[in-house]
Amino acid sequence: MSSDLRRFRIGVLASGNGSNFQAILEAVRSDRVQGAEVAVVISSRSGAGVLRRAEAAQIPREVVAVEDFPGASEHCSRLAGAFRSYEVDLVCLAGYFRRLEPCFLKAFPDRVLNIHPALLPRFGGEGMYGRRVHEAVLASGEKESGATVHFVDEEYDHGETVLERRVPVLSGDTPETLARRVLEVEHQIYPEAIQKVLRRLREQGRAVG
Ligand code: GRF
């Protein structure tokens with residue numbers, strides 16, 4: 001298909017509930033992310049909620065679980081091959097509970113985004129995920145937290161920031177109440193960040209790989 005007719009193909013890599021996948025899908029389907037489609041969801045866990053959401057939305061889905069492969073390089077080749085087979089232009093990590101192997105980043109250079117539930121570079125890095133992030137923010141006495149969408153490189157939570165948004169930390173917040181407030185802005189900024197990256201790639205004539 002000629003590149004001006006082909007939609008920009010987003011692949012989602014996730015392990016959990018998949019609310020960010022849902023937000024991306026709704027934004028694509030309502031044209032808040034323009035000229036795009038969600039091509040596939042790949043989960044690292046067979047029982048993940050994200051797979052049920054993908055099924056309900058009739059999005060192709062696969063499980064690529066690390067324990068099904070003899071080693072990291074076989075796992076990585078399969079993961080990259082799966083996204084390639086769906087002709088994915090951008091991979092969006094949305095609650096992926098593993099570190100991506102370098103071979104994957106070589107297969108999709110500057111084409112992998114992640115969302116983190118804090119204002120990076122603070123409260124990021126190895127071991128900083130899920131509830132732990134919000135516990136650390138509350139323990140630090142910060143008055144603000146937020147969410148960050150960034151490009152993925154070989155260091156945890158490290159690549160170029162595409163978009164971040166702040167939320168207040170309120171007195172009486174628990175990790176759960178703060179997580180809910182942060183998740184609401186995650187659902188806003190992930191689609192906005194994808195649209196921003198897509199616009200940049202189109203300006204460079206590189207949107208469709
Ligand atoms: C989000 O908080 C995201 O920032 C983090 O993992 C969580 C995924 O939530 N990386 P969901 O599965 O999208 O609901």
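How many disulfides does the count come to? With a disulfide taken as a pair of cysteine sulfur atoms within 2.5 Å, the count comes to 1. The structure is a predicted model, in which local features need pLDDT of at least 70 and side-chain atom pairs count only at pLDDT 80 or more, while totals for chains, interfaces and linings use all residues. Residues are numbered from 1 along each chain as its sequence is written, and side-chain values use heavy atoms, with hydrogens and water left out.

The disulfide joins Cys76 to Cys103, with an S to S distance of 2.0 Å. The link between Cys76 and Cys103 is left-handed, at -115° about the S-S bond. Cys76 belongs to helix 3 (residues 72–85) and Cys103 to helix 4 (residues 102–107), so the pair ties together parts that are 27 residues apart in sequence. Helices here are DSSP runs of H or I with at least four residues, and strands are E runs of at least two, numbered from the N terminus.

Several polar contacts, meaning pairs of N or O atoms within 3.5 Å, can be picked out. A polar side-chain atom of Ser19 lies 2.5 Å from a ligand oxygen, and a side-chain N or O atom of Glu186 is 2.7 Å from an oxygen atom of the ligand. From the backbone, an N or O atom of Ile115 lies 3.0 Å from a ligand nitrogen.

Methods: A polar contact is a pair of N or O atoms within 3.5 Å; within protein, one must be able to donate a hydrogen and the other to accept it, and residues adjacent in sequence count only if both atoms are side-chain atoms.
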